[in-house]
Amino acid sequence: MLGAIIGDIVGSVYEFHNTKSMNFELFTPWSRFTDDSVMTLAVAKWLVEDETHTIHYLIYCMQELGNRYPNAGYGGNFRTWLREDNPQPYNSWGNGAGMRVSPVGLYAKNLDEVLALAALTASVSHNHPEGVKGAQAIAACVFLCKEGKSKQEIKEYIEQTFDYNLNRTIAVIRPRYEFDVSCQGSVPEAIIAFLEGNSFEEVIRLAISLGGDSDTIGAMAGSIAACMYPIPDEIVNRCNTILTEDLKEIKDKFIELLKERG
């Protein structure tokens with residue numbers, strides 16, 4: 001989850017000012033957390049506070065935190081969803097489903113639980129099959145990585161289960177890659193960045209160097225990478241200076257829950 005937040009913060013500067021280079025500043029005076037971090041923490045809050053994992057409390061957490069941070073960069077349909085009294089899913093296949101799901105992969109005890117909870121986090125808004133699939137794929141990567149599976153094992157599982165093409169390279173994808181907010185057009189790319197990178201920072205740099213929806217690709221790739229590679233202390237510390245106190249509190253409570261669950 002912390003990897004997702006860091007990927008989001010690092011990518012925030014480059015979302016609308018894309019870079020196609022890996023040689024960029026990780027943090028700038030304009031680096032900030034966006035809707036990716038807010039909704040990731042909303043899912044974490046739900047898992048901490050609702051042991052029965054009801055859809056109603058998930059919606060409450062997402063709306064409460066989303067409306068606490070109304071200018072975090074939500075898409076138009078989701079911004080409307082946040083304000084509705086009885087929000088309904090709107091058949092979205094957007095990558096919002098993938099960027100917020102990483103706490104599920106950390107929390108779940110087995111793959112069946114991963115896939116069920118991931119589908120639930122997507123379905124409240126992103127109930128298109130591609131939206132659900134994208135959420136499940138990212139959560140499964142996080143879970144398998146947490147369980148100590150190799151990159152090859154993770155790659156094979158994702159390819160066989162979700163039919164994503166992971167046989168491309170970042171170098172091949174990068175030149176023609178454009179802004180794409182769909183799960184099908186960004187989730188595989190984020191996973192490929194993880195598969196190629198040899199450190200947490202390298203995964204983040206590979207993901208953001210694609211261009212496109214940089215904060216979300218960074219968040220998805222970072223959420224997986226943080227389960228395999230240590231995050232340098234200076235990056236963690238810089239992230240903590242950008243998050244607000246209430247968001248840090250949610251993050252810390254989720255980390256404590258994971259420790260209790262073993």
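**Pockets, core and salt bridges**

Guide: The second largest pocket is lined by Met-1, Leu-2, Gly-3, Leu-106, Ala-226, Cys-227, Ile-231, Phe-254, Ile-255 and Leu-258. Helix H1 and helix H15 (245–261) are the elements that give two or more residues to this lining. Keep in mind that this is a predicted model.

Visitor: Which helix gives the largest share of the lining of that second largest pocket?

Guide: H15, with three residues.

Visitor: And how does the lining of the second largest pocket divide by class?

Guide: Nine nonpolar, one polar, no charged. The volume of the second largest pocket is about 180 Å³.

Visitor: What volume does the largest pocket have?

Guide: About 450 Å³. Its lining has 29 residues, and Asp-35, Tyr-74, Gly-75, Asn-95 and Val-181 lie nearest the centre.

Visitor: Which helices supply at least two residues of the lining there?

Guide: Helix H2 (35–49), helix H4 (76–83), helix H5 (96–99) and helix H13 (214–225). By class, the lining of the largest pocket has 10 nonpolar, 12 polar and seven charged residues.

Visitor: Change of topic. How many residues are in the largest nonpolar core?

Guide: It has 96, and Ile-158 and Ile-191 have the most contacts inside it. Helix H8 (residues 129–146) provides the largest share of this core, 11 residues.

Visitor: What is Ile-191 in contact with, leaving aside neighbours within four places in sequence?

Guide: Ala-137, Ile-138, Cys-141, Ile-158, Leu-166 and Ile-224.

Visitor: Staying on H8, is Gln-136 buried or exposed?

Guide: Gln-136 lies in helix H8. Gln-136 counts as buried because its relative accessibility is 17%, and the cut-off for buried is under 20%.

Visitor: So what does Gln-136 touch?

Guide: Not counting residues up to four places away in sequence, Gln-136 touches Leu-115, Ala-118, Ala-119 and Phe-162. Gln-136 and Phe-162 are 26 residues apart in sequence, with 8.7 Å between their C-alpha atoms.

Visitor: Last topic, salt bridges. How many salt bridges does a search of the whole structure find?

Guide: It finds 11. One joins the side chains of Arg-68 and Glu-64, at 2.7 Å from N to O.

Visitor: Why are Arg-68 and Glu-64 separated by about one helical turn?

Guide: Because they are four residues apart in helix H3 (residues 55–68). Arg-68 is partly exposed at 34% relative accessibility, and Glu-64 is partly exposed at 24%. Glu-64, Arg-68 and Asp-246 are linked in a network of salt bridges.

Visitor: What about Glu-245 and Lys-248?

Guide: They form a salt bridge, with the closest N and O atoms 2.9 Å apart. Both lie in helix H15, three residues apart. Glu-245 is exposed at 58%, whereas Lys-248 is buried at 18%.

Visitor: And which residue forms a salt bridge with Asp-252?

Guide: Lys-251, with 3.0 Å between the closest N and O atoms. Asp-252 is partly exposed at 39% relative accessibility, while Lys-251 is buried at 6%.

Definitions and conventions: Residues numbered from 1 in each chain as written. Predicted model: local features only at pLDDT ≥ 70, side-chain atom pairs only at ≥ 80, totals over all residues. Heavy atoms only, no water. Core = buried A, V, L, I, M, F, W, Y, C linked by side-chain atoms within 4.5 Å. Buried < 20%, exposed > 50% of the residue type's maximum accessible area, 1.4 Å probe, protein only. Contact = heavy atoms within 4.5 Å. 1 Å grid on protein atoms, 1.4 Å probe; cavity = no way out; pocket = protein on both sides within 12 Å on 5 of 7 lines; lining within 4 Å. Points joined across faces, edges and corners; volume = space filled by probe spheres on them. Nonpolar A, V, L, I, M, F, W, Y, C, P; charged D, E, K, R; others polar. Salt bridge = Lys/Arg side-chain N within 4 Å of Asp/Glu carboxyl O.
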